[in-house]
Amino acid sequence: MINMTEVDMALASTTGDVNVQVHMLDLPDTVQMADGGTGPYKGDLLFVTAGRALLPPSVVRVNPNPPYNATVLLDNFLGRQFNSLDDVKVLPGTDIIYFTDPTGWYGDFRPEPMLPLQVYRFDPSTGQVRVVADQFSFPNGIAFTPDGKTAFITDTATAGGTRQTFPATIYQYDVDPSTQSFENRRVFAYADSGSPDGIQLDSKGNVYAGCGDGTNVWNPEGTLIGKFYINSTSAQLIFTKSGLVILSGTVMYLANIQAQGMNLITL
């Protein structure tokens, strides 16, 4: 774990290279292959895990401070293990958790799927879990507009470049104000390099997604307006006070930009 406050302070103190401490989180065996994350969620971090072999994927709440204790909030749907959870967000203005569940079977670290590839809504206060969207080839990243009225899901089925007729698509949905399910699915954008993976929105509603050549940016109408080229695939990204952090395999980039991310804090 890298504390971005420490990064901000280090960058403000010099124009040269900076060194910041990397904190290792010694998490229990119930947390297998943490993938997507968000927060702060009531002071903690919120992760979804991909699972490993017969150990189930899960939604996990982690204390970002020592002793870094972890609490598994959810690890099944109707008694069946999830396939391999990928990304997670909280619906703005609530504490309702949404997450995507593709499959880890293709990567040979999970058994064959026991459930369709779907997007779920989880209410921690009641324990209720239900499906809010389906009919995906590989549901991956998830994001909401700041008002919580619109949702975005990336479908990363062409990952690896071997299935060119499969989706490399960002889908857009309306969030039903009563049921909080997703409805009125439509294509928001199609990536021209690789597949869209992790996804975030800035405060003006522009959509950022990790793609095959870096991070691509679309305006609220779905028009591509720019790219952050890093000459490799970008999987995840997150806004900080210093700019946009782009994650690519074993490398982290920081793009110093004026755009600000939407508020992801859940009190």
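This briefing describes strands, cores, salt bridges, backbone features and a surface patch. The structure is a predicted model. Strand E6, residues 97-101, has five of its five residues buried. The count of salt bridges comes to six. Two peptide bonds described below are cis, from Gly39 to Pro40 and from Pro66 to Pro67.

**Strand E6 and its partners**

- Ile97, Phe99 and Asp101 point one way from E6, while Tyr98 and Thr100 point the other way, and all are buried.
- Strand E5, residues 88-90, runs antiparallel to E6 and is joined to E6 by three bridges.
- Within this pairing, Phe99 in E6 stands opposite Val88.
- Six residues separate E5 and E6 in their hairpin, and Gly93 in the turn has a positive phi of about 85 degrees.
- Strand E7, residues 118-123, is also antiparallel to E6, with five bridges between the two.
- Thr100 has Val119 in E7 as its bridge partner.

**Nonpolar cores**

- The largest nonpolar core has 16 residues, and those touching the most other members are Leu46, Val59, Leu74, Phe82, Ile97, Phe99 and Tyr120.
- Strand E2 (44-49), E5, E6 and E7 are the elements that give two or more residues to this core.
- Another core, of 15 residues, lies apart from it, and its members include Leu91, Val119, Phe136 and Ala151.
- Beyond its neighbours within four places in sequence, Ile97 is in contact with residues including Tyr41, Leu46, Val59, Leu73, Val88 and Tyr120.

**Salt bridges**

- Asp95 forms a salt bridge with Lys42, and their closest N and O atoms are 3.0 Å apart.
- This pair links distant parts of the chain, 53 residues apart: Asp95 is in the loop between E5 and E6, and Lys42 is in the loop between E1 and E2.
- Both residues are partly exposed, Asp95 at 22% relative accessibility and Lys42 at 36%.
- Asp44 forms a salt bridge with Arg61, with the closest N and O atoms 2.7 Å apart.
- Because Asp44 lies in strand E2 and Arg61 in strand E3, the pair ties together parts that are 17 residues apart in sequence.
- Asp44 counts as buried at 17% relative accessibility, whereas Arg61 is partly exposed at 23%.
- Lys227 forms a salt bridge with Asp192, and the closest N and O atoms are 2.7 Å apart.
- Lys227 lies in strand E16 and Asp192 in the loop between strand E12 (182-190) and strand E13 (199-201), so this pair ties together parts that are 35 residues apart in sequence.
- Lys227 is partly exposed, with a relative accessible area of 23%, whereas Asp192 counts as exposed at 54%.

- Five bridges join the antiparallel strands E15 (residues 214-218) and E16 (residues 224-229).
- Phe228 in E16 is the bridge partner of Thr215.
- The hairpin of E15 and E16 has five residues between the strands, and Gly222 there takes a positive phi near 90 degrees.
- Gln236 is in strand E17, residues 236-240, and is buried with a relative accessible area of 17%.
- Aside from its neighbours within four places in sequence, Gln236 is in contact with Asp35, Gly36, Asp87, Asp197, Gly198, Val245, Ile246 and Leu247.

- Most residues other than glycine have a negative phi, and most peptide bonds are trans.
- The cis bond from Gly39 to Pro40 has omega near 0 degrees, and Pro40 is found in strand E1, residues 34-41.
- For the cis bond from Pro66 to Pro67, omega is near 10 degrees, and Pro67 is in the loop between strand E3 (58-62) and strand E4 (70-74).
- Met33 is a residue other than glycine with a positive phi, near 60 degrees.
- Met33 is placed in the loop between helix H1 (4-13) and E1, and is partly exposed with a relative accessible area of 30%.
- Gln135, also not a glycine, has a positive phi of about 65 degrees.
- Gln135 lies in the loop between strand E8 (128-133) and strand E9 (139-144), and counts as exposed at 66% relative accessibility.

**Nonpolar surface patch**

- Ile2, Val22, Met24, Leu247 and Met252 make a nonpolar surface patch of about 460 Å².
- Met252 is in strand E19, residues 251-255, and is partly exposed, with a relative accessible area of 44%.

Notes:
Residues numbered from 1 in each chain as written. Predicted model: local features only at pLDDT ≥ 70, side-chain atom pairs only at ≥ 80, totals over all residues. Heavy atoms only, no water. Patch = residues over 30% accessible without salt bridge, like charges linked within 9 Å, V, L, I, M, F, W, Y side chains within 5 Å. Areas by Shrake-Rupley, 256 points an atom, 1.4 Å probe, with all protein chains shown as cover. Salt bridge = Lys/Arg side-chain N within 4 Å of Asp/Glu carboxyl O. Helix = DSSP H or I, 4+ residues; strand = E, 2+ residues; numbered from the N terminus. Buried < 20%, exposed > 50% of the residue type's maximum accessible area, 1.4 Å probe, protein only. Pairing = 2+ DSSP bridges. Core = buried A, V, L, I, M, F, W, Y, C linked by side-chain atoms within 4.5 Å. Contact = heavy atoms within 4.5 Å.
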